Amino acid sequence: MADEKRIDAATGTEIKHHEWDGIQELDTPLPRWWLWTFYATILFAIGYTIAYPAWPMIDRATSGLLGWSSRGALDREMAARDKQIAPVRQAIATTPIEALPGRPQLMQAAVEGGRAAFRVHCVQCHGSGAAGSKGYPNLNDDDWLWGGDLAAIEKTITDGVRNPGHAATRQSLMPAFGKDQLLTAEQVDQVVAHVRVISGQDKPGAASQAGAKVFADNCAVCHGPAGKGMRELGAPNLTDAIWLYGGDTDTIRETVWNSRHGVMPRWDDKLDKATIRMLAAYVHSLGGGEATRVETAAAAGKEVMGDAGQ
Amino acid sequence: MLMAGAPSLYEKRKGVYPKAVDGFYRRLKWAIMAVTLAIYWGTPWLRWDRGPYAPDQAVLIDLAHRRFYMFSIEIWPHEFYYVAGLLIMAGIGLFLVTSAVGRAWCGYACPQTVWTDLYQHVERFIDGDRNAQLKLAKAPWSAGKLARRLVKWSVWLAIAFITGGAWIFYFADAPTLQQQFWSGTAAPVAYATVGVLTATTFILGGFMREQVCIYMCPWPRIQTAMLDEKSLVVTYKEWRGEKRGSLKKAEAHPGEFGDCIDCNQCVAVCPTGIDIREGPQIGCITCALCIDACDKVMAQIGRPRGLIDYCTQDDAEAEKKGAPPKPVLKTLLRPRTIAYFAIWASIGGAMLFALGARTRLDISAQQDRNPIFVRLSDGTIRNAYTVKLRNMEARPREVEVSATGITGAKLWTDAGSRETAGTSVRATVPADSVAKLRIFLTLPAAGPARQDFAFAVRAIDREGGGDSEPARFERP
C-alpha cells in the first residue's frame with residue numbers, strides 16, 4: 001500500500017487508498033459546522049446525564065443534580081390539579097346535599113366528581129355501570145332499600161350498612177327463620193308461596209293463603225302488612241319486580257331459611273365529606289334518584305324540593 | 001463528482017426593469033389589481049348582522065370556535081365539505097381558465113403578479129422608468145442612490161406590512177384585533193403571522209419577482225401540461241413580423257422585411273424579462289403588456305395592430321396559411337372548456353342546493369351500554385340515551401324530542417323525573433351550540449329483545465324543521 005498522499009486533480013481532495021473495480025473514494029473532511037455541532041451534542045449529553053436521572057447503578061439509577069423524577073412530576077401535576085378544584089370541593093362540602101339540585105353547576109361538578117370516585121371505590125361491588133349483581137344492589141333502578149333521595153344515599157355511603165362496630169351504621173337483622181327454627185319447614189314454604197303471590201308471580205292457592213297468616217305474624221313487622229317494605233329498617237319491598245338475591249321460589253326459600261345480611265362498609269373514615277357527597281350526587285343521577293321528602297308523618301310523601309328543573 | 005471547469009448549474013438573476021406602458025391590457029390589469037386588492041384589504045371590514053349570538057364580521061374564519069362565516073352562510077366543522085367543494089371549484093376553475101384563456105391567472109390575478117406589479121409601480125415612481133432604473137442599478141453606491149433605495153424599500157415594507165397585517169383580520173373580529181394588535185395584547189400567533197407574511201411579501205414582491213414564477217411555482221409546470229393547441233397564448237406572429245428590420249431598412253428594401261421593426265419595446269415592457277419573439281416559454285405569464293407595447297408602435301408606424309396578440313396555436317397555423325385572424329371570443333367555446341365549465345358549474349350548483357336544503361338542527365343519540373337496560377320496580381324496562389342536539393342557528397331554539405316508531409314509550413330527561421315523563425321531552429338549545437341531554441325511555445317488559453325506533457327532534461318555532469336519528473331499545 002503506497003504511503004504517499006494522492007490528490008484528486010479535479011477537486012484537490014485526498015484520495016483514499018482502497019479501490020473497488022476501479023472506483024475510488026475521496027477523503028472529503030466533514031464540514032466544520034457539523035463537527036462542532038457533534039461535539040456540542042456530546043457535551044450536552046454529559047451535562048444532561050448529570051442533571052437528570054440517567055446512569056444505572058446496582059439498585060437504582062443516579063438521581064441527577066436537579067432531583068427531577070417522573071413520579072415527582074406527576075405528584076406536582078396532581079397537586080396543582082387538586083389545588084385547582086379545591087374551591088369546588090370546598091363548595092360541595094359546605095353545601096347541604098338537599099341544596100345541591102338548586103345549584104345546577106355545582107350539582108354537575110358533583111356528579112362528575114362522583115363518577116370518577118365511583119370508578120375507584122364502588123365498582124368492585126356495584127359494577128362499573130353501577131348495575132350491581134346478585135346481593136349487590138343495582139343503583140340505576142328506582143328501588144331503594146334504605147331510601148333513594150340525596151340525603152338518604154349520602155347517609156348510606158357515609159355510615160355503611162351493617163358495618164361492624166359503627167354505631168351510626170344502617171342496621172337491621174332479618175332472623176334466619178328456618179335455620180333458627182322460628183318457623184317450621186312447612187310454614188316457610190307457605191310464606192314463600194305468599195311472597196310469590198304478592199309479587200305477582202304466582203296465583204293464590206291453599207299454601208299462599210296459609211302463608212299470608214304466617215307473613216302477618218312474622219314478616220309484616222318489618223316488611224309491612226302488604227309486603228311493601230320499610231326503608232327505616234332496610235326491609236325490601238317484596239311486591240315489586242326487583243330482587244336483590246332472586247325472586248324464584250328456591251331463592252326466596254333460601255332467604256327466609258338462612259336470612260340475608262348484606263354488608264357495605266362505611267366510607268366516612270376513608271373519604272372526605274366532599275367525595276361522599278359527590279358519590280351520592282352521582283348515584284342519585286343514575287336514573288332512580290328520588291326527590292327529597294320531609295320526614296314527618298303529616299308531610300310524608302309530599303315533595304318539598306324537587307330535582308333540578310322539576 | 002464535480003469536474004473542475006464543469007459549467008455551473010447556477011444562473012445569476014438578470015435584472016428586469018420593465019418599462020411603463022399603456023393600452024387595453026394595461027388598463028385591464030389596473031382594474032383587476034384594484035378589484036383584487038380591494039377585496040383582499042376590504043373584506044375583513046365588511047359587517048354582517050347575525051344577531052346577538054354570532055359575530056358580525058361578514059367573512060370570518062373563527063378557528064378558536066371552529067366556525068366559518070361567509071355572509072349569510074355559517075359553516076360548522078362537520079360541514080367542511082363545503083370548503084372542500086370550494087377548493088375543488090377553485091381547482092377546476094383554474095383548469096377552465098387555463099384551457100380557455102391560457103395563463104390568465106398568472107398574468108392578471110395571481111397575488112405574486114399583483115404585488116410584483118404594485119411594487120414595480122412604486123419602483124418607477126421613486127427611481128424613474130426603465131432607463132433611469134438601469135442607470136441607477138449600474139451607478140456606484142452614493143448618498144443619492146442609498147436615499148432612493150431606502151425610500152423604495154420603506155414603501156415596499158409598508159405595503160408588505162399592510163399585506164401581512166390584513167391577513168390576520170380574516171381570523172378574528174377585525175376592529176377588536178386591530179386595537180389589540182397596536183396595544184400589544186393580540187395573540188403571539190398574530191404577530192408571528194404578520195411578521196412572516198410581511199417578510200415574504202417584501203422579499204417575493206421586491207426582489208424575487210419573476211424568479212418565483214420561473215423557479216418556485218409549480219403552477220406554470222402544471223399549466224404547460226394543460227395548455228393545448230386551442231388555448232389562448234400570447235403569440236408573436238413571426239410569419240408577419242419576420243424578417244425584422246428597422247423602418248429605414250424596410251424603406252430601402254421594400255418587400256424584404258416583415259412588420260417587426262425590432263424596436264425591442266416588447267422586451268422592454270416585459271415584467272419577467274423575456275423576449276416573446278422567441279416563441280411560447282415558461283417565463284411568459286401572458287400579462288399581454290407586450291401586446292400593448294407592440295400595438296402602440298404599430299399604430300405609430302401605420303401598420304395593423306396585433307403583430308403580438310392573443311392567439312391559439314391552431315389559429316396561428318391557419319393564419320400562417322393565409323386565413324384571416326379569428327376573433328378571440330370564438331376560441332373560448334369548445335368541448336373542453338364547456339366540459340370544464342359544466343363540471344365547475346354542477347359542483348357549484350350542487351353546493352348551492354345543499355346549502356339551501358341543509359337543516360340547521362341535528363340530533364344524534366347514543367345508547368347507554370353499561371348497563372344496557374334497567375328493570376324498574378314496576379317491571380317496566382328503562383334504557384338510557386345520550387342525545388346531542390345541535391342548533392346551528394344564531395339564536396336559542398325550543399325543541400321537542402320524541403321517540404317515533406314505538407308505541408307506549410315514556411321519556412324524561414335527567415332534569416326531570418319519571419313522574420313528569422311523557423311521550424316527548426322539551427329542551428332549549430342555546431344559540432350556535434350543542435346541547436347534551438340524557439334521556440330515559442321506558443317500555444313494558446313484554447316485547448322483543450331488540451326494538452328499533454328513531455329519536456326525532458322538531459323545532460317549536462315558526463321556522464320549524466328537524467331531524468331524526470335511528471336508535472334501539474333493548475330488553476333483558
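1. Let's start with helix H7 (residues 206-218) of chain A. Its 13 residues should span 18 Å at 1.5 Å a residue, and the end C-alpha atoms lie 19 Å apart, which agrees. The expected span is 1.5 Å times one less than the number of residues. Helices here are DSSP runs (H or I, at least four residues), strands are DSSP runs (E, at least two), and both are numbered from the N terminus.

2. A word on the model before going on: it is predicted, local features need pLDDT of at least 70, side-chain atom pairs count only at pLDDT 80 or more, and totals for chains, interfaces and linings use all residues. Residues are numbered from 1 along each chain as its sequence is written, while chains are lettered from A and ligands numbered from 1 in the order in which they are written.

3. Which residues of H7(A) are buried? They are A:Ser208, A:Gly211, A:Ala212, A:Val214 and A:Phe215. A residue is buried if 20 or more other C-beta atoms lie within 10 Å of its own, exposed if 12 or fewer, and partly exposed in between, with C-beta atoms placed from the backbone. The cover over these buried residues includes helix H6 (185-198) and H8 of chain A.

4. UniProt, in an unreviewed entry, places the feature "binding site" at A:Met174, A:Cys219, A:Cys222 and A:His223. These residues span 50 residues in sequence, yet no two of their C-alpha atoms are more than 10.2 Å apart, so they gather at one spot. UniProt positions are given in the numbering used here, feature names are shortened, and annotations may be inferred rather than shown by experiment.

5. Two of these residues are worth a look. A:Cys222 is found in helix H8 (residues 220-223) of chain A, and A:His223 has its place in helix H8 too. A:Cys222 is partly exposed, with 17 other C-beta atoms within 10 Å, whereas A:His223 counts as buried, with 22 C-beta neighbours inside 10 Å. Leaving aside neighbours within four places in sequence, A:Cys222 is in contact with A:Met230, A:Leu233 and A:Ala235. On the same terms, A:His223 is in contact with A:Gly229, A:Met230, A:Ala235 and A:Leu238. Contact means that the C-beta atoms of two residues, placed from the backbone, lie within 7 Å.

6. Now the domains of chain A. The assignment gives domain 1 (87-161 + 270-305) and domain 2 (185-258); such bounds come from an automatic or database domain assignment. Their centres, taken over C-alpha atoms, are separated by 29 Å. Ten residues of domain 1 are in contact with nine residues of domain 2.

7. In chain B, look at the nonpolar cores. The largest nonpolar core has 32 residues, and B:Val234, B:Cys266, B:Leu289, B:Cys290 and B:Ile308 have the most contacts inside it. Such a core is a set of buried Ala, Val, Leu, Ile, Met, Phe, Trp, Tyr and Cys residues joined through C-beta atoms within 7 Å. H14(B) gives the most to this core, with five residues. Domain 1 (24-225) and domain 2 (230-328) of chain B each supply at least three residues of this core. A second, separate core of 29 residues includes B:Ile363, B:Val425, B:Val457 and B:Ala459.

8. Finally, where do the chains meet? The contact takes 21 residues from chain A and 21 residues from chain B. Strand S7 (374-375) and strand S8 (381-391) of chain B each supply at least two residues of the side that touches chain A.
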